[in-house]
Amino acid sequence: MRYCSRAVTATIPPLDPSAGLDATAVARWPVQAAAHLLGAALVGAILVALPAAPSDLDRHQLPKETVVHVATWLAVVLARPFARPASARGLVIAGSALVVWSLVSATAAVNPFLAVRAVALTVTGLAALATARRVAAAGHGVALVRWIVLAAVLAAGTGLAQAQGVDSVLFATARAPGGTLGNRNFLGHLMAIALPLAAWVALSAERGARAVVAMLAIVPMVSMLVLTRSRAAWLAALAAGSVLGVAGWLAHRRGAVPVSRRRTIGVGVAMLAGIVAAIAIPNDLSWRSDAPYAETLGSVANYREGSGAGRLVQYRRSLRLLAEDPLRGVGPGNWPLRYGDVAPASDPSWAFNDDIPLNPWPSSDWVALATERGIPGLLAGLGVGAMLLWAAWRGVRAGGDRGLAGATLAAVLAATLVAGLFDAVLLLAVPTLAVALAVGALCWSSAPAPPSPDVSSRGVVSWLAAALLALAAARSAQQTLAYAVAGDGRARRELAWAARIDPFSYPIRIALARREPCRQARNDIRAALRLAPTWPAAQEAGRRCGLRREE
């Protein structure tokens, strides 16, 4: 296996020109700038949130998406990751198929603006992966991993602060302790994904001081993982640790992995310290149980009652939507608008008293992919995952330094896969960027590339990708600006200005529709009915003013 980043460890040889990534042709400073831009963007996306908005969930998600879109667009312009052929042809084909079919499935969407938002995040995630791979090829892969670990520590810090009673307008109280991510499950997923990377830094660092810093970073991450009580995150962390251990052992059999026993013990001690700290240190979390962590551990695989049973009900009913249109699905991002077609009023997913009665996505990346983008979209997504797992396996087979990197890549993928089975992970901007950067940083070349095509044509592809990302960034910025202007959604004047900025926002339109007299609200009611014709709040507003969807 030709590993395509000499930044993984100092002992990995320089790039092989036959792998299709000629390091001498890479302009060093733009690529290095792209590396730090993406890393800083991940930190910024984690910390940014609006103090108030019409929708509490989107006051966290929209600004994070904007940061990710803008940073990835600028990084693509700097690094031009598509300017030369990629050796991982299978990944390129699978990723392209996913994007193309997502656009096809968007034709089935009831709300095309939700489809644009969902497809834009898919495109940005794949572009960030390609850019991170180019960054790793130029020797800055370790820098990306360190940025991810730093971002995860800062995210853990905000969650730990909330757990200790610190109050902030950037925190959400409904799903504490979620810190600036707004939801404890989201925070738990990020910890599970980032922990293998922190362990890799600790085990492979050239200097002992850096290894110690990485071990210290593990402590708050593990503490936060425990405090979230997220069963999906706990299972993901268990899967990542198991895969890292088994893959590391297989890599060691292939060729000695340069990891000292002292550092391995240090990583284990850091994880144990994090668990003990989470349980022993008093906090302000209002758990209903006297032994909350033991209770969560005991019910981690419980699917007969509670949220586990609710998820199975949601999955079964969601898959009925797939049967209606197996090829296109219901359109990217449109699951919440169509779930009512198969779910009765007694379904636990409903919250009828809210303007937005459903979460924006089902409680599973894979159910969302299947129901929203059809069977071809699901197969394309699985193809991307399969190509990444194959790259990890080739790394493990190589042994030595490459084996450790391959084992870490496999652990990150395992955490992402398991968490995504039970929750929304890659449907969110922050974990999407974190996973893309991690995979790109653990970059590879599985086989010599075919003869290089005309470089100028690849340059056109880079600028085309940049143009698409610029449109995604502009649309995301429009949404975030409208939310910032709308404030908490109570003042009619601010809402009216927000509707002018983004006339396609259902939360803003329904807020106006429910607060204005019928004479003024008719346009907003019509817009709400077009954007979410099946949601009770829009239908109620229409009945109040004698309007129907057809009008």
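Figure 1. Arg514 is partly exposed, with a relative accessible area of 36% (buried denotes under 20% relative accessible area, exposed over 50%, and partly exposed the range in between, computed with a 1.4 Å probe on protein chains only). The model is a predicted one, in which local features require pLDDT of at least 70 and side-chain atom pairs count only at pLDDT 80 or more, whereas totals for chains, interfaces and linings use all residues. Residues are numbered from 1 along each chain as its sequence is written, and side-chain values use heavy atoms, with hydrogens and water left out. The side chain of Arg514 meets that of Asp355 in a salt bridge of 2.2 Å, N to O (a salt bridge is a side-chain nitrogen of Lys or Arg within 4 Å of a carboxyl oxygen of Asp or Glu). Asp355 lies in the loop between α12 (335–338) and α13 (365–398) and Arg514 in helix α18, so the pair ties together parts that are 159 residues apart in sequence. Helices are DSSP runs of H or I with at least four residues, strands are runs of E with at least two, and both are numbered from the N terminus. Asp355 is likewise partly exposed, with a relative accessible area of 24%.

**Figure 2. The salt bridge between Arg509 and Asp524.** The side chains of Arg509 and Asp524 form a salt bridge with an N to O distance of 2.6 Å. This pair links distant parts of the chain, with Arg509 in helix α18 and Asp524 in helix α19, 15 residues apart. Arg509 is buried at a relative accessible area of 14%, and Asp524 also counts as buried, at 6% relative accessibility.

Figure 3. Side chains of opposite charge can pair when their charged atoms come close. In this view, Arg117 and Glu65 meet in a salt bridge of 2.9 Å, N to O. Glu65 is buried, its relative accessible area being 6%. Salt bridges that share partners join Asp58, Glu65 and Arg117 into one network. The count of salt bridges comes to 13.

**Figure 4. The disulfide of Cys518 and Cys545.** The sulfur atoms of Cys518 and Cys545 are 2.1 Å apart and form a disulfide (a pair of cysteine sulfur atoms within 2.5 Å). The link is left-handed, with -85° about the S-S bond. Cys518 is partly exposed, with a relative accessible area of 25%, whereas Cys545 counts as buried at 9% relative accessibility. The count comes to one disulfide.

**Figure 5. Aromatic pairs.** The whole structure holds four aromatic pairs (rings of Phe, Tyr and Trp, the last by its six-membered ring, pair if their centres lie within 6.5 Å; planes under 30 degrees apart count as stacked, over 60 as edge-to-face and the rest as tilted). One of them is the stacked pair of Phe113 and Phe504, at 4.0 Å centre to centre and 15° between the planes. Phe113 lies in helix α4 (residues 112–137) and Phe504 in the loop between α17 (492–501) and α18 (506–515), so the pair ties together parts that are 391 residues apart in sequence. Phe113 is partly exposed at a relative accessible area of 28%, and Phe504 counts as partly exposed at 34%. Trp335 and Tyr339 form a tilted pair, with 4.8 Å centre to centre and 35° between the planes. Both Trp335 and Tyr339 are buried.

**Figure 6. Arg500 over the ring of Trp497.** The charged end of Arg500 sits over the Trp497 ring, 4.8 Å from the ring centre (the criterion places NZ of Lys or CZ of Arg within 6 Å of the ring centre and within 35 degrees of the ring normal).

**Figure 7. Ser307 and Ser349.** Ser307 is placed in helix α11 (residues 306–324) and is partly exposed, with a relative accessible area of 39%. Ser307 and Ser349 are 42 residues apart in sequence, and their C-alpha atoms are 9.9 Å apart in space.
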